[in-house]
Amino acid sequence: MAARYPHMDSDEEDLHYRSYSDHDTDSDSYPEATKPQKDTSDVNYLVGELSTLAIKGNSSNSPEETSVANSWTVHRNSHPELDRYKALWAGEQLELKEKLSVEDSLEVLGWKKGLNPFGNLKLVGGVDISFIKGDEVNACAMLVILEYPSLKLLHQESAMVELTLPYIPGFLAFREVPFLKDRLDNVIKNIPELTPEVILVDGNGVLHTRGFGLASHLGVMSNIPTIGVAKKLFAVDGLYKDDRHMKSIESLKKGGDSFKLIGTSGKVWGVAFKGEDKVYNPVYVSVGHKISLATAEELVFSCSRSRIPEPVRQADLRSREFIRKLLRSKQSSSSKGKKQNKWDSKDKAKHGGRQNSQSSPRYKNNLK
């Protein structure tokens, strides 16, 4: 089902939504899987390899690969081989997870300056993908880079993209990471001095069925510290939004308050974190990659001016603004086209001339 940002104030509601459910609400009952033996003669192998190529940043898919991906978009809910696709992707997640680090890396330790844990931190990134309402494929992928600690916007990298791979709960990274990494790669290549030192991701990190959500996936693929910031609780290991959980939320009185998300196994998956005094609902912070939970929580707090930490909030707002401008431009173009058609029809009746079609406008990747 579509979720339309229920956490937002009315003035933030807009024309887009995340396909199906917000990725941070995904629940995945599919059991832990070991990597199956690949059968290169099977179409499942092709799609598994397609997802791998996409995650590794290879966008030059063959027509055959693109056809398979498009057929998945149409038949994602009824495909007879769904379980095998999930098993393949689960195997790839487990393989990539071997590179995951949930402790402060040397880069993160280098942020410390005296007693300030972030005294040397200068650039913080945020990523989000937003969809046009009613469209499950076309979306805006957004990366923002903020100066720290002022949180002033320094750069945004955005583009309209087509998400042709299927959405399956628990496997969102295979659908979104390639486009987010493309935005990051553009910055690294063209303006390396603005490469973010850490990225806050609108989604989960290790708070995930296999302990490897969107934030962890992006972190491993980019080798940059990442933090997962989810708007809703991911149901895993007995974590549910039950009465006990709601009472814990009520115990959060001021910005910076939090409680640990402890599963029935005893594992700490992340924290529920209140970013600002006046908000009720927390966000769910989890380790992405190359950072500890304690450091992640502290950084999220230092980046919070409202419920959602600023890097993620800015990526969200600006991706929606990008789509809003795109739609307005299309509507304006359509209106002008209708007006022109009216006069062309008169000219055609008068002179017998042929009506010309109007070319579609081009849209820049970055907002001005």
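Which residues of helix α8 (residues 293–302) are buried? I started there, keeping in mind that this is a predicted model. I get Leu293, Thr295, Ala296, Glu297, Leu299 and Val300 as the buried ones.

**Entry 1: what α8 sits against**

I then looked up what those buried residues pack on. One partner is a helix segment, α4 (106–109). I also noted the strands β5 (198–202), β6 (226–230), β7 (258–262), β8 (268–273) and β9 (283–289) as partners of the buried α8 residues.

**Entry 2: Glu297**

A glutamate in that buried list made me stop. What is the nearest side chain of opposite charge to glutamate 297? I found lysine 260, and it is 8.0 Å away. Glutamate 297 has no salt bridge, since a salt bridge needs the charged atoms within 4 Å. What I do find is a polar contact of 2.5 Å between the side chains of glutamate 297 and serine 258. Leaving out residues up to four places away in sequence, I listed the contacts of glutamate 297 as Gly256, Ser258, Val271, Phe273 and Val285.

**Entry 3: Gln93**

Next I went to helix α3 (residues 82–97), where glutamine 93 is found. Is glutamine 93 buried or exposed? I put glutamine 93 down as buried because its relative accessibility is 1% and the cut-off is under 20%. Its side chain reaches the backbone oxygen of glycine 170 at 3.1 Å. Gly170 also turns up in the contact list of glutamine 93, along with Phe171, Phe174, His208, Arg210 and Phe212. For that list I skipped neighbours within four places in sequence.

**Entry 4: the whole chain**

I have 9 helices and 9 strands for the chain. Of its 368 residues, 52% count as buried. How much of the contact set comes from residues 24 or more positions apart? Among contacts with a separation of 6 or more, I get 69%. The accessible surface of the chain comes to about 17,900 Å², and 50% of that belongs to carbon and sulfur atoms.

Conventions:
Residues are numbered from 1 along each chain as its sequence is written. This is a predicted model: local features need pLDDT of at least 70, side-chain atom pairs count only at pLDDT 80 or more; totals for chains, interfaces and linings use all residues. Side-chain values use heavy atoms; hydrogens and water are left out. Buried means under 20% relative accessible area, exposed over 50%, partly exposed in between (1.4 Å probe, protein chains only). Helices (H or I, at least four residues) and strands (E, at least two) are DSSP runs, numbered from the N terminus. Contact means heavy atoms within 4.5 Å. A polar contact is a pair of N or O atoms within 3.5 Å; within protein, one must be able to donate a hydrogen and the other to accept it, and residues adjacent in sequence count only if both atoms are side-chain atoms. Lys and Arg count as positive and Asp and Glu as negative; His and the chain ends are not counted. Accessible areas come from the Shrake-Rupley method with a 1.4 Å probe; for residues, only the protein chains shown count as cover.
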